Every structure is written in structure tokens, then in C-alpha cells.
Amino acid sequence: MTKLYKAFSAVTALLLLYGFCQAWYIAPTEATMGNVQRIFYYHLPSAWVAFLLFFVNFLASAWYLIRRTDGADALALAAAEVGVSFCTIVLITGPIWARPIWGIWWTWDARLTSTLVLWLIYVSYLVLRHYATGGQVPVLAAALGIFGFVDVPIVYMAIRWFRTQHPQPVIGGGQGSGLDHTMWVAVLWNLAAFAMLAVLFVWARYRQALAERALEEAYIQAEGEAQ
Amino acid sequence: MSATPTLWSITRRSLAKDLRLEWRSKDAINSMLFFALLVVVIFSFGFDPTAEESRRIAGGLLWVAVLFATVVALNQTWTRELRNQVLDAYRLSPAPPQALFLSKTIGNFLFVAILEVLMVPLFVVFYNLRSVGPVWQLLVVALLATWALVVNGTFFAALSIRTRSREIMLPLILFPISIPALLAMVDATTSILTGDNSPYFWMRLLAVYDVVFTAVSLLLFEPVLNAE
């Protein structure tokens, strides 16, 4: 581990702690929902981070197909894995909030359904990576990564045609939406903390993927020399 | 054959070869047909609908049956080319890979279309189906939907033959991506059968899906074919 990585980890830990204090002690209790609303400070940052990582996966996949660098493929893999993890957090924290507020765990509403479909697409990406063999994995995965990303707007259009039960976008959702100033502060701190955490994970996974590859090559070379 | 083969002439030749092979062996179409028949029969055990109800659920049942049967056919698309290293020969030849992809896709389109032509009467008989909306709309939906299934399916079959346990791999990567198309074909069909809603939004969505994914497939097929 490099010094930079350690320093980055320390800052992320502090930010997460500070974000936690913001979300649990400083942000006011929501008027109608009560304390349950505080899960929002984790739900929303996770969602944004997950979507961002899927976009990173798309860019890295495209970059791989153009330039064929190991780095691009490692980044695509890392972004997809961490993105799926954060998307899983979104899908778990959502129902925990929905149960007391809506009275149901799940509903086939537009945003929930499209997030689930997105999750399915990127899980299938990881499944392909797991089952494909040999040096062709990066190309196949990159192709699927691009397919998945191109599918996102179509999924969104298709599913929006159903009526929406998810709360209208709280941020930038038109009249009557909007957050109290202190809630905003909590959201932003947690967003920063989660983004840092995601970078940390992607970074670690990226280095690990590259190391794995280097190890494999060294092994093949050693085997060749032994013969 | 003209001196310089064009994309279209190579596509046509490759397609003719696939159709002749299929005509003589009937591998894909037979297994697909029997599979679809089984699905229809099993569904009708699962649900026992009245004529009114069956209009609402038939769209879903029909397309799910077609989807499953399509996977059966798609799995055989490329395995035929693996024998005797035919696929490697394609890679070495100067023929554009897009021609190969197009011929496979058109071939699958024809197989699935034949399957639908044979299956729809079955549905009509088993589920006492009568459409409230105009039938020509159903035809348009069927054409768009079939292309949507086979264009991605043919591409993903080319991905999945490169993996371990390739038969199971295809649905795992095809179904998630196809969800919007499935939603569109099922809802369009249901709207037409019941006559409750306009199917135009879904038809447009299917058309967009077809155009987008045909373009992406043609663009990405070459690196996938040549992946080592």
C-alpha cells in the first residue's frame, strides 16, 4: 500500500464519521416521516455514486475497445463491481424506508424498477466476466458494458411510462421540492464521503486486478523458462 | 458472382448457406417449435382463463414463450460454426464480419418468425383469443419485437459461446438487457388485444430499440469476433 492510499483512506474514514454525525445528530428530524427519513442520507449518495460508477464502466469499456490497455479493462471491472455494491445498498435501504412510510417493502414503480433493472444488467456483466475464459474476457466484457449503458435510457423511458410512486426528485424536482439547509449539508457531506469511499474501493480493486494480471504473466513466463 | 463481393452479396450467400443447412437438418426449428408448444401447454395448466382474462394475459404468455424458444434457437446459431473451426476460417477471410452477423441475425429472424406463425394459431385455440384492436398492428409489433429479440440474441450468443457453460450464459446476459423490449412488446400486444390503450408509444419504443441495438451490434461485432 502506498502512502497516498493510506492518507486517502484516513481522510475517507474521517469524512464518513463526520457525515454520520451530520446525518444522525445535526440534520433536523423530518416533520412527517421522523427519524426513518435519515436513511435518505445514505440512500441518495449511494445511488448517485452507483450511477456514476456505471458511467465510468462505460467510458472504460469504450476506452478499452479503442486502445486495448490493461488499465482500462481493470478500471471497467473495478467500477462495475463497486457500482453493483453501491446499487445493492440503494436497493436495500430503499425498502427499509418504504416499509414504514408507504406500508410496503416494494412496488413496481418507475424509479425502483429501473434501478433494479440497472442492477440486473451490471450483475449480468459480472457473471459474464466470471464465466468467460482466457484473454478474450476484456473484449467480451467491454462489449456488454457498452450494451448495458446504451440500454439505460431505453429502460428509463420504458419504465417511466408506468405511473410513479417514488417521491418526486427531492432535489431539482420542481415546485414544493427542496431540502432544509441543514439537510442539504448532511447530504453533501455524505455524498463526498461515499464518493471518496467508492474511489478508494475502485482504486484498490484496480490495483489488485492489474497485480493479478502481472502475476499471471509472470507465472506463464516462469513456466516457459522451466521447460 | 460479381468480381468484388459486396456486404450484401456475402450476407446473402451466408444466409443461403444457413437456411439450406437448417432446411436439411431442421435442428433449430424443430427443437424451438416443440419447446414453445410445451411452454404453451404448461402455461395453460398454470392459468385457466376466461376469454376476457386471456386477452389481458395472452400478450405476456406469448412473448415469454417466444423468448424462451428463441434462446433455444440462438444457442445453436454459432455452435454450428465452432465445429471444424469454421469461425476461425471466417476470421481469416477478408469478408466483413458485419455480413456474417447480419446473415445470422436475418436467419434467426426467419426461424423465430416461422415459429410465431405456427404458434399464434395455437394460442388462439388454447386461449379462445380474439383481438379487439386491429390485427395489422399486431403484425407490426411482431416484426419489431422479433427483430429486437434476435438482434441482441445473436450478438450475445456470439459472446456466450466463448464462455464456460455457454448454454446457460446466453439467457443470463440477454434477459436483463432485453427487459425494456419485452415490456414494450408485451404491453403493445396487450393494448391491441384488449383495445384499452394506444400501442403507439410501445411501438415507437421498440423501433428505437431495434435501431439503436442494430447499430451497436454492427459496430461491436468485429472486436467480439476477433477476440482472442
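1. A residue is called exposed when its relative accessible area is over 50% and buried when that area is under 20%, with partly exposed in between. By that cut-off B:Asn84 is exposed, because its relative accessible area is 71%. The model discussed here is a predicted one, and the points below should be read with that in mind.

2. B:Asn84 belongs to the loop that joins α3 (51–82) to α4 (86–92) in chain B, and its phi is positive, at about 55°, although the residue is not a glycine. B:Gln85 lies in the loop between α3 and α4 of chain B, and B:Gln85 too is a non-glycine residue with a positive phi of about 55°. As background for a colleague checking the backbone here, most residues other than glycine have a negative phi.

3. The interface of the two chains deserves a careful look. Chain B contributes 30 residues to the contact and chain A contributes 30 residues, and the area buried between chain B and chain A comes to about 2800 Å², with carbon and sulfur atoms giving 82% of that area. On the side of chain B that touches chain A, the elements giving two or more residues are α6 (135–160), α7 (166–194) and α8 (200–225) of chain B. The largest share of that side, eleven residues, is supplied by α8(B).

4. As for polar interactions across this interface, the count of salt bridges between chain B and chain A is zero, whereas three residue pairs are found in polar contact, with both residues of each pair at pLDDT 80 or more.

5. A:Ser124 sits in helix α4 (residues 110–131) of chain A and counts as buried because its relative accessibility is 4%. Leaving aside residues up to four places away in sequence, A:Ser124 touches A:Leu144 in its own chain and B:Leu172, B:Ile173 and B:Pro176 in the other chain. The side chain of A:Ser124 also reaches the backbone oxygen of A:Ile121, at 2.7 Å.

6. Which residues touch the most other members of the largest nonpolar core? They are B:Phe155 and B:Phe156, within a core of 125 residues. Residues up to four places away in sequence again being left out, B:Phe155 touches A:Ala143 and A:Phe147 from chain A, together with B:Phe101, B:Ser217, B:Leu220, B:Phe221 and B:Val224 from chain B. In soluble globular proteins, nonpolar side chains tend to be buried together.

7. A:Tyr41 is placed in helix α2 (residues 40–67) of chain A, and at 0% relative accessibility A:Tyr41 counts as buried. Not counting residues up to four places away in sequence, A:Tyr41 touches A:Ala23, A:Ala27, A:Met183, A:Ala186, A:Val187 and A:Asn190.

8. Finally, the cysteines: how many disulfides does the structure hold over all chains? The number is zero.

Conventions:
Residues numbered from 1 in each chain as written. Chains lettered and ligands numbered in written order. Predicted model: local features only at pLDDT ≥ 70, side-chain atom pairs only at ≥ 80, totals over all residues. Heavy atoms only, no water. Core = buried A, V, L, I, M, F, W, Y, C linked by side-chain atoms within 4.5 Å. Buried < 20%, exposed > 50% of the residue type's maximum accessible area, 1.4 Å probe, protein only. Contact = heavy atoms within 4.5 Å. Disulfide = S-S within 2.5 Å. Buried area = accessible area lost by both parts, 1.4 Å probe. Salt bridge = Lys/Arg side-chain N within 4 Å of Asp/Glu carboxyl O. Polar contact = N/O pair within 3.5 Å; in protein donor to acceptor, adjacent residues only side chain to side chain. Helix = DSSP H or I, 4+ residues; strand = E, 2+ residues; numbered from the N terminus.
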